Amino acid sequence: MTRKPLAFLAAALLLPLTGCGGDASAGDSGTVTVTVGYQSKTINTVTAGTLLRSLGYFERELAARGKREGVTYKVKWQDYATGAPITAQMTAGKVDIGSMGDFPLLINAARGKQLNRPTKLVSVTGYNLRGGLNTIVTAPGSELASLKDLRGRKVSTSVGSAADGTLVRALQRADIDPEKDIRKLNQQPAVGASALQAGSTDALSQFVAWPGLLAFQGRAQALYDGAELNLPTFHGVTVREDFAKKRPAVLEDFLRAQAAATDYLNKQPVAAAESVAEATGLPPEVVYLYNGANGIATFGLALRAELVDALKKDVPVLKSAKLVGDVNVDAFVDEQYVKRALGDGYAKALAAAPEAAKSEVWLKSGATRSFATPAELLRHITAQQGQVRAAYVPDATTGTLWFADKAVWVADGVKLLPFVTRSGAAAYVSGHAGARTLPYAEALKRAS
C-alpha cells in the first residue's frame with residue numbers, strides 16, 4: 001500500500017475548504033443553506049463530519065423535510081484543521097453547526113457569550129473516559145523517557161486544545177510548571193509534527209490522529225499516554241443558539257443523521273475506517289486505531305454525566321491560561337434536541353458503558369479478529385506469516401489501544417504485557433520482581 005509522505009499530510013491538514021456560510025435562512029429562491037463546520041482529520045468527530053458527509057445521511061434527512069415543506073435544503077460543509085476557526089465562523093454567523101474537542105468547546109461557549117452569539121453543546125461524537133485520545137510523543141530513539149525529562153525542553157502543542165490541556169495537567173502532576181519549566185511552542189498540529197521531525201522541538205502533545213499517525217509512520221514514539229490522567233476527554237457538536245431556536249427540526253435532522261452515522265461506524269468499523277481514510281488521506285490503519293471495533297474512541301451522542309463533569313474540570317485549566325473567564329457549563333449543555341432526535345433510545349445511550357478494549361488483528365484479506373490476551377494475538381501474527389495488515393493491543397495499565405509493533409513489551413513470567421510508553425513499562429517492571437522489557441521480535445518468539 002502506498003504511503004503518503006508526512007509533508008503531504010501536513011499540508012493537507014492545514015488546508016480548510018473555503019466558502020461563505022450563512023444563517024440558514026431561506027432566500028428568494030426558497031432554498032435554505034445549512035453550513036456545517038468540521039475537522040476531517042480529527043477523526044473522532046467523523047460521525048458529525050467526514051463520515052457523515054460521505055454517507056449523505058444529513059442530506060437525505062433534509063431532502064425528506066424539503067419535500068414535506070416545499071423548501072429546498074442544501075448543506076455546505078467547511079473543513080478546518082482545529083476548532084478555533086469553526087468558533088470564529090460561528091460567532092460571525094457563517095457556520096451553523098460545528099464539531100470540536102472539549103477544550104475548544106469551552107472556548108466556543110465563552111466566545112459566543114462574549115460576542116452575543118451564544119452557542120449550545122447538543123451532542124457528543126467520540127470520547128474516551130480515561131483521556132486516551134491525547135498523547136505526548138517524542139522523536140524515535142529520543143533520550144527522553146518520562147515527563148520529568150521534559151524539564152527545560154521545547155514542547156509543541158496547540159494552545160487551547162485538549163492536547164494542551166493534557167500537557168498542562170500531566171506536567172503539573174509531575175511537579176513541572178507548564179509555564180516556567182518548559183518552553184511551550186504554540187503550533188498547529190501539522191507544524192508541530194514537522195518541527196518534531198526536524199528536531200526543532202523535543203516533544204509534541206497532540207490530539208487524534210496525529211500521535212497515532214506519527215507512530216505508525218515511524219516518526220515518533222509515545223512518551224505519555226493521556227489515559228494516565230484518568231480524566232474523560234471527548235469531542236462534541238455545538239450549534240448557534242439562534243439557529244437552533246429558528247430551525248430546531250433541522251438540528252434534530254442533523255442529530256438523527258449523526259446517530260445513523262454512529263450506528264454505521266459501530267456496525268461496520270472497517271468500512272468506516274476505509275471511507276474516512278479515503279476522504280482524508282490518512283492511513284486506514286491509523287483511523288482504525290482510534291475508530292475501530294476496539295479503538296481508543298467510543299462513539300455515541302449521549303451527553304453523559306462523566307463528560308459534562310469533565311468539561312467543568314477543564315474550565316480552571318483554560319482560565320489559568322487566560323483563554324476564558326467563567327463558563328457556565330450547565331447553561332452551555334442542552335440535551336433537548338438530541339433527546340427529541342433519539343426518542344426512547346436516548347436513555348439507553350446514556351446507560352451504555354464502553355467495553356474494555358481487546359487485542360485485535362486486521363488481516364490483508366480484510367478480516368478482523370479479537371483476542372482475549374496479547375499473547376494470543378502474537379501467536380496468531382506468527383502463524384499468519386506476513387498476512388497481517390495491522391495489529392493492536394491495549395496498554396496493560398490504561399487500556400489505551402496501540403500498534404502491537406510500536407508498543408513496549410514486558411515479560412512477567414509467562415505473561416506478555418504491552419504498554420504505550422517506556423515509562424509505563426518501567427513502572428510495571430519496578431513493581432514486579434523478575435519482570436523485564438523485551439523487543440517486539442522477542443515477544444513474538446516467546447508467544448509462539
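In this predicted model, the largest share of the lining of the second largest pocket comes from α5, which gives three residues. This pocket holds about 380 Å³ of space. Its lining is made up of 21 residues, and T82, A84, P104, V159 and G160 are the closest to its centre. Two elements give two or more residues to this lining: α4, residues 84-91, and α5, residues 102-114. Sorted by class, the lining of the second largest pocket has 13 polar residues, seven nonpolar ones and one charged one.

The largest pocket comes next. Its volume is about 1,100 Å³. There are 41 residues in its lining, and those closest to the centre of the largest pocket are Y127, N266, T298, F299 and P354. The elements giving two or more residues to this lining are β4 (119-128), α10 (248-267), β11 (298-299) and α16 (345-351). Of the elements, α10 supplies the largest share, with six residues. The lining of the largest pocket divides into 20 nonpolar, 14 polar and seven charged residues.

Helix α6 spans residues 162-173 and helix α13 spans residues 305-320; the axes of the two are 11 Å apart and meet at an angle of about 80°. Angles of 65 to 115 degrees count as roughly perpendicular, so α6 is roughly perpendicular to α13. On the α6 side the contact is formed by G165, V168 and R169, and on the α13 side by K313, D314 and V317. By class, this contact between α6 and α13 has three charged residues, two nonpolar ones and one polar one.

T135 lies in β5, which covers residues 134-138. Is T135 buried or exposed? The relative accessibility of T135 is 3%. Buried means under 20% relative accessible area, and T135 therefore counts as buried. Which residues is T135 in contact with, once its neighbours within four places in sequence are left aside? They are L204, S205, Q206, P211, A222 and Y224.

Methods: Residues are numbered from 1 along each chain as its sequence is written. This is a predicted model: local features need pLDDT of at least 70, side-chain atom pairs count only at pLDDT 80 or more; totals for chains, interfaces and linings use all residues. Side-chain values use heavy atoms; hydrogens and water are left out. Helices (H or I, at least four residues) and strands (E, at least two) are DSSP runs, numbered from the N terminus. Buried means under 20% relative accessible area, exposed over 50%, partly exposed in between (1.4 Å probe, protein chains only). Contact means heavy atoms within 4.5 Å. Axes are lines fitted to C-alpha atoms, for helices over the stretch in contact, and angles run from 0 to 180 degrees between N-to-C directions. Angles under 35 degrees count as roughly parallel, over 145 as roughly antiparallel, 65 to 115 as roughly perpendicular and the rest as oblique. Ala, Val, Leu, Ile, Met, Phe, Trp, Tyr, Cys and Pro count as nonpolar, Asp, Glu, Lys and Arg as charged, and the others, Gly among them, as polar. On a 1 Å grid over the protein atoms alone, a cavity is a set of points where a 1.4 Å probe fits but cannot get out, and a pocket is an open set with protein on both sides within 12 Å along at least five of seven lines; lining residues have an atom within 4 Å of a point. Grid points are joined across faces, edges and corners, and a volume is the space filled by probe spheres set on the points.
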